[in-house]
Every structure is written in C-alpha cells, then in structure tokens.
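Hi everyone, thanks for making the time. I'd like to walk you through one model today, beginning with a whole chain and ending on a single side chain.

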Amino acid sequence: MYNELEAIVGKEWVRPGNATPEYTVDGVVPDVVLFPGSADEVAEVLRRAHEARWIVAPAGFGTGLDLGNPLAKVDVVISTRRLDRVLEHEPADLTVSVEAGCSLATFNEIIGEHGQWLPLNPPRPEQATLGAIAAVEDFGSLRLGFGLTRDYVIGLTIVQADGTIIKSGGRVVKNVAGYDLNKLFVGSHGTLGIITQLNFKLRPRPEVDSTYALSGGALARLEEAARELVRSELAPVALNLLPAGTVRRCWPSSPVDGSVLLVRFMDLEPVVQYQADQLQQRVARLGLDVSTVGAETAMALWRAIDDFPVDGGDVTVRMSVPRSEAFSMVGLIERTLSAADDVQVIACVGDGTIWVSASYEDTEFTRSRLVASLKALRRECERRRGHLILYRAPRAVKRELDVWGEVGATAGLMRALKQQFDPHGILNPGRFVAGI
Amino acid sequence: MDPVIEQLRHLLDPDRVLSEPDELIVYESDAVTYHKRRPRAVVFPESREEVAAVVRFLSERGIPFLPRGAGTGLSGGAVPSPESVIIELARMNRILEIDYENQRAVVEPGVINVHLSQAVADAGYFYAPDPSSQTACTIGGNVAENSGGPHCLKYGMTTNHILGLEVVLPDGEIVQLGGDGADALGYDLRGLFIGSEGMFGIATRITVRLLRCPPTVETLLADFMTIEAATHTVSEIIAAGIIPAALEMMDKATIGLVEASIFAAGYPTDAAAVLIIELDGLEPAVVRDVARVIDICRAHGAREVRVAQNETERARFWAGRKGAFGAMGRLSPDLMIQDAVIPRSKLPRVLSQIYRIAEHYGLQVANVFHAGDGNLHPNIPYDGRDPEMLERVKRASREIMELCVREGGSITGEHGVGLDKIDYMPLIFSDADLEAMVRVRRCFDPRGLCNPGKVIPIRRCRAF
C-alpha cells in the first residue's frame, strides 16, 4: 500500500498515521496520511482505494475530523492542504476559482486586496480549508446576514469515490444547466466524493463593521428587542444572545451585568450609522441599554463567539429551531443542563441556531446524566421541527447518543445516493446520518 | 375507451380528467411552441393525497407522467413524452400558512408567484424570485425550474428562497425535503430537487422564505447611443461593488418593439440601448448608490438618466421590460427565445459578437436581458413556416451558445434545459458529469417515469 501510494503522490507526501497526530480521525489513527499535489493524484489514489476497498477520510488541515459518528477504522486520510492556489479571481465579475485546500483566512486575505470577500465565518478560519467548510457546510454568526456556503458555491470539481473527476455548476453567477449537484456535495461530509476545487461568487467587503450590546433587562425583554429588530427595516448581519453565564466566559471585560443581545451591522458608513440611531431609539422604548462595543473588543468578542466554546468544553452541540423558538429553548437549555459544569450558550436568535457547550466530571454517572439531558433537549428541538447535533463530543458520549439524530422518511433516498456515488462505501463510512 | 383514463376518472372526478383531443391541445406545449406533443390525458388533483394516488396508479402501470403548473416555461420542460399523463397542479393554489415571526409561508404548488407577494405586501413582506411571467407562473413551476427574474441579481434564485418541500416521489411516497422552519439533517435533498425540472417528483407543499420589503426603492432609466457604452456601464457598476436589486438591458430592436406595443414605457426609440437600474435598501444606502450609479452612467456617455419620481413611473419603466417578450410577438410569427449566461465583465465583447453572428445569418436579434448577472436573452424573430429560415435560426442559436460557453458561460441561466437545450448540454458537461446527474435521477426515480426525456441527452450517453 505504502509503495503504491508513494508512486502516486511522491515519497515525501506519504506519512504514517502515527507520525501525524493532527490527522487522527476522532480517535482512530489512520494507516497513512497523504498530501496529493493535484486533483489527478487524488483521483488516482481514490481509484486505487475503490478497487482495494480502503477506507478513506477526506481532510483539509484535519481540524474537523472529530465531527460525525466515529469510524471503525481508517486506512487513508487524504488531505487537500497542498491544493491551496487561488486559480482565477475575476474581480470585475466578483467570481473566483480556488483549490479546496486554501484556508478561508488566507483566501479572504488574497481577495480582500480587491475589496471583496467570502462572507462566511465558521470556527477557526485560519485552519479551516474551503473544501472542508463546504463539505460540512460549516457556518458562524454571520449566517443571518450572509447565508451559507450553499449560497456562494457556483461550481465544484469533485473526485468521485471511483476516481472519476466531475464538475458541477460552472463559473457564472446564475446557472440552471442540469441538476444542481453543487447542493448534493455541499454539506455531504465527505461521504460522496472529495472536493478539489470550488468556484464562488463573492461580495464586496463592507466599509464598516459595528457591534452594539443590548442589556439591562430580563430575557423576555431582550426577546422583545430581538423580535422587533427582525421585524424592522434594520438588517443586522448577526444577532446573538449570550446568557449571563456565557457573557462572563466570552466577554470577561463586559461592562454590563446579566444577559446581552449583540447586534452587528456591516455596511457603508452612513448606513451603519443610520441603523445604530434607529437601534437606539427602538431599544430606548423598551427600557434597555445600548452600548457600542469598541472595534478591538468587538473583534475579540466575535472571535470568541465564532470559535465557541471558550476553553473547549467537553461536549459542544448545535441546535436548529425556528427562530421564534430560540429564546424559549435558551431557558430550557439552562434548566435542563443545570447539573453540568461550565455551560455556555450562544443563540443566533435571527436564524434559530443555538450553540451549547458543557463539561462534566468524567464518571459514568455524570456522563449518563449529561447524555440524558442532551436526549431531552434533542426531543425538544424535534418537537419544534428542528434538530440537535453533537458538534464535538468524546467517543464515550457518541456511543450513547447518535451524533445526528433521526432523518426520518428521507433516509432511503439518502442511502440510495450514497450507494450510487460510493458503491463500495469507502468514503467516511458510517460517519454521517442514517448510517451513511 | 382507454382503460387508464377510465380508472383515472374513477380516482378523481370525471370532470377532472381531460382526454378529448380538442381539450388536450392547450397542453401540447409550454411557452415555447416549437416543441409539441399531445399528452395521453390531463388530470387535476386537488390535494397531495390525490397527487400521490394518481402517481401511485400510474407508476404501478409503468405509465410516464409529468407535473405542470401554468405552462409558462421556456424550455419545453412541460412537453409530455409519448403516452405521458400530465398532472396539472393549477387547482392546488392555496396559501396554507403565513408565519411572519419566522419569515416563512407554506403554499401549494399551484399558487401564482405574484399572489404570494400580494398576500404578504400589507404586512411589509415579499417573495423575492420574480420571473417576468410572475403574474401567471406558479411557485411549483418555479421550484422545478429554479426560476430567476430581474431581482435575483441581489436576492438570488428560487433555490435561495425555498426552505422545505413536501414531495410526492415518483413511486407515490410522500416525503419532506429540507426543513419546515429549521434546518434539515443530511444531504440537501431540497437543494437537489429545486431545478430538477419535474424529473424527481412533484412538490405538493412548499415552504418559502419571505423577505422584508426594502424601505426605499429607486428605479433609474438610462439610455445610451451605443451598445458598448451600455455594456461597459453594466460591467463597471458590478465591478464597483454596487449590488443593484436589478440591472436590466434592452437594445434598440427591443425598445422599438416595446414602444410600438401596449407595453410602451416611454423608452427613447432612437437609443442604442437602455438600462433599468433598480436600487433598494435603507435610505442612506440607496441615496449613495443612486449617486454613484448616475456618475458611472454619465462617465460612459449616458444621454439621459431618469429617476422614477413615483410608483406609477417606476411601474411604467418595468412594464416595458416585463412585457418585452410579449411585444416581440408583433414582429414575426415565431420567436427563438435564448437564455445564456456569460461572465458579466465580458458583456461588451460577447454582445457585439452576437450581433455579428445574427448579421452573418441574415437574421435580426433583439436583446433583452438581466445584464447585471450576465444572463443574456438574445431572441431571434423568425417565421417557422420558412424551413430555410428556421435552419439559419438554429445555426445562429448554436453559434451564439458556443460563443457564450467559450467565454466561460453557461447554456441557461433561468429557463432550464428541458427539451430545448438538451443538445447543448455536452457543450458544458462531460459524459462523467452527465452520468453523475443520471445517478441522482436514479435515486429519485429508478424507473424513469417522471418527465422522462428531459435535461440529459440520452443519445450521447449510451453507457447509461
């Protein structure tokens, strides 16, 4: 196996799994970690893996390998990190082609020279490759204002499980030729193919980025403010509720006590100013305080929020509920997890995403109590037509609680897609929903 | 009598099954009338249960079928394959739920696009995708085609506005794809279904996103004495990082037709091109962008830039644009409607080559299009009774399409492939790409009964 792989990608780009701990897949040490230098090399490796039934885990920098149900074994990790070139940036078209191994931070720096950006903010953008972000459709607090990866991907190059290279979409911003396979691969968690190149549409970078903190009231009052904001003409790009305990962790220098609703605007200077004025007026009517968060503090604060949780709790979950349910969920979360340690909660109350992290003393008793609480919360999310996923958790927890939860009647369709695109089940088998 | 039709009559009511040849004529084509075939029957279900029952019945007998909305499609996507039964969804036209709190609405597929925006307008909301046919086309049809419209430059296509779908799969099973207020788990089946051109099943309930109406809207009409000046203006507006709500262009041929029609909008008929530029959002943003856009227009030699002074004038600017396709009916018995996309920075070059191609074939071309996202509609008027002319039209169309693809573009930006563009698919997709699409279709419709013969050119792909 070693020799074969060395012949494909070159000796120096084949490493033993035990010498590359950053590519350990949720506790499983792969036999080898490969760093192919081209899509063709990725294709050649997959062709071989397909024949030999090697289990393959696609990766970028390896920071997302803990996400998903654990794999029983991993033969090969294929990292796309050497494929990191920005291939074609057409500033006048606001479009770009970039290889999958380029990090979001590097990418935004390069295209930032032209006043443009890809407005996504998943955790740790320095260590998150664009391919990985697309594969897991990772996102952060800016989702409210800018949407998801799926809204920006206009084309993909994918190496399929059998080594065939295909393209989906194209390089123009509007395109309905053929089925929209971009949507199939974005968010497929590396179970259908390996993304080697992405074409994005971009946005002009906003002139001004300002953050305001609303405080001084009970949760119900903040909920009223949030509801008024999303109903108003104002267009916050992020709207995050931090309960009091989380404020202390994410924003130790906070000048206010109690829970905080953060409101972020990004736009031209006069537009941000206008919205800030409007915000003041509306919030004053509700008897809440508004304070401007200084630029440096805001940057650190958003960083803490987006890299959630602070000092890594043992278990991090992500919930999705209709946004009208977000505040009631926050109350429920705090009550349900009252026995856990260091509970941190961030609720994106504009889009209904809620992040929760908790730690527990490592005994079977406390662990099973935590698992029971998470199960209860999952039921509550499902009752609200939403879900709860284990974003990061020790294997011991994953053994007792499926990472994803039930997908219902579409499981059959999803398994059929997996079967069509990866008939031998070599790509991340079992890692995703429905045993896929 | 056809026993299948008899049983369909039993399944629904007799008066909700059409089978007489004269009744079926209307259903032979969509809005491109050069693709025609008579369906075996047309049925009008009124609920998802009826859709599922009809689909199950047909599927058990191996009879092909296809969904149809208002028949306003522009790719022949709703033309039945031989022996197909059309499942017409026009009667499933209820808005089931409006939920402002979560900015969503649940509608049946037969709801007419503009009716939804009208229903939520008083509360200050709208549904963003606005194809030019929005007063007639259905949201179910929009889902099937992933429809666009002038305002998708800023707001995105249908796929950006659909949260979830209840779908009757081609075997009659009912499933929910995507979420219904929150995100769904697993593969993005909703995203995959949108734009599948009626080949993956029939959407029976659609959860859409509603947007807040922008507080300020300004609509500009700029006219230019050369095409190049107009196209350079477009490219520069985009390159300047301004995102207009819409940025539309019409050339001299189109202006002339519009102004001679009931859609007359007061466009200057001596201009080589006009641009409609709409900016919306918060007032200070719009004020600043209007000033910047006017500067860019002037810098490129715009003769006049008019800002609509009121809603009536704004509506008039748009009436001409939205009626342009209709107005073209005056020119000739038939119209080859084209839909291609190019990178918008290449507009000046590509457009001048399109005129050259038309001239080479001795044809006229009337351009009316979504300039801001590079989505061209170079339409060629012709007389279908003249086979020699039709041949020239076809050759010119293909040449235009090849040109757009060479420039890094696509063969369709919003109309879909259907039957009309099926032969162009190999211009942009390899056999492997197409095979991947076939594999997806196999998952949704293993027996290939739902709207067969569209999108994927089977002839070429013998292997699958």
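Let's start with burial: 64% of the 464 residues in chain B count as buried. Please keep in mind that this is a predicted model.

How does the size of chain B fit with that of a globule? A compact globule of 464 residues would have a radius of gyration near 23 Å, and chain B comes out at 22 Å, so the two agree. The C-alpha trace of chain B spans about 65 × 60 × 45 Å along its principal axes. In secondary structure, chain B has 16 helices and 20 strands. Taking contacts in chain B with a separation of 6 or more, 72% of them come from residues 24 or more positions apart.

Now, confidence. The average pLDDT of chain B is 95, with 99% of the residues scoring at least 70. The stretch to watch is residues 460-464 of chain B, where pLDDT stays under 50; the model has 9 contacts beyond four places in sequence for that stretch. For the complex, the predictor gives an ipTM of 0.97 and a pTM of 0.97.

Finally, over to chain A and my side chain for today. A:Arg431 sits in the segment after helix H14 (411-421). Beyond four places in sequence, A:Arg431 touches several residues, including A:Val25, A:Leu65, A:Leu67, A:Trp404 and A:Ile436.

Definitions and conventions
Residues are numbered from 1 along each chain as its sequence is written. Chains are lettered from A and ligands numbered from 1 in the order in which they are written. This is a predicted model: local features need pLDDT of at least 70, side-chain atom pairs count only at pLDDT 80 or more; totals for chains, interfaces and linings use all residues. Side-chain values use heavy atoms; hydrogens and water are left out. Helices (H or I, at least four residues) and strands (E, at least two) are DSSP runs, numbered from the N terminus. Contact means heavy atoms within 4.5 Å. pLDDT is the predictor's confidence in each residue, from 0 to 100. The radius of gyration is taken over C-alpha atoms; the globule rule is 2.2 Å times the number of residues to the power 0.38. Buried means under 20% relative accessible area, exposed over 50%, partly exposed in between (1.4 Å probe, protein chains only).
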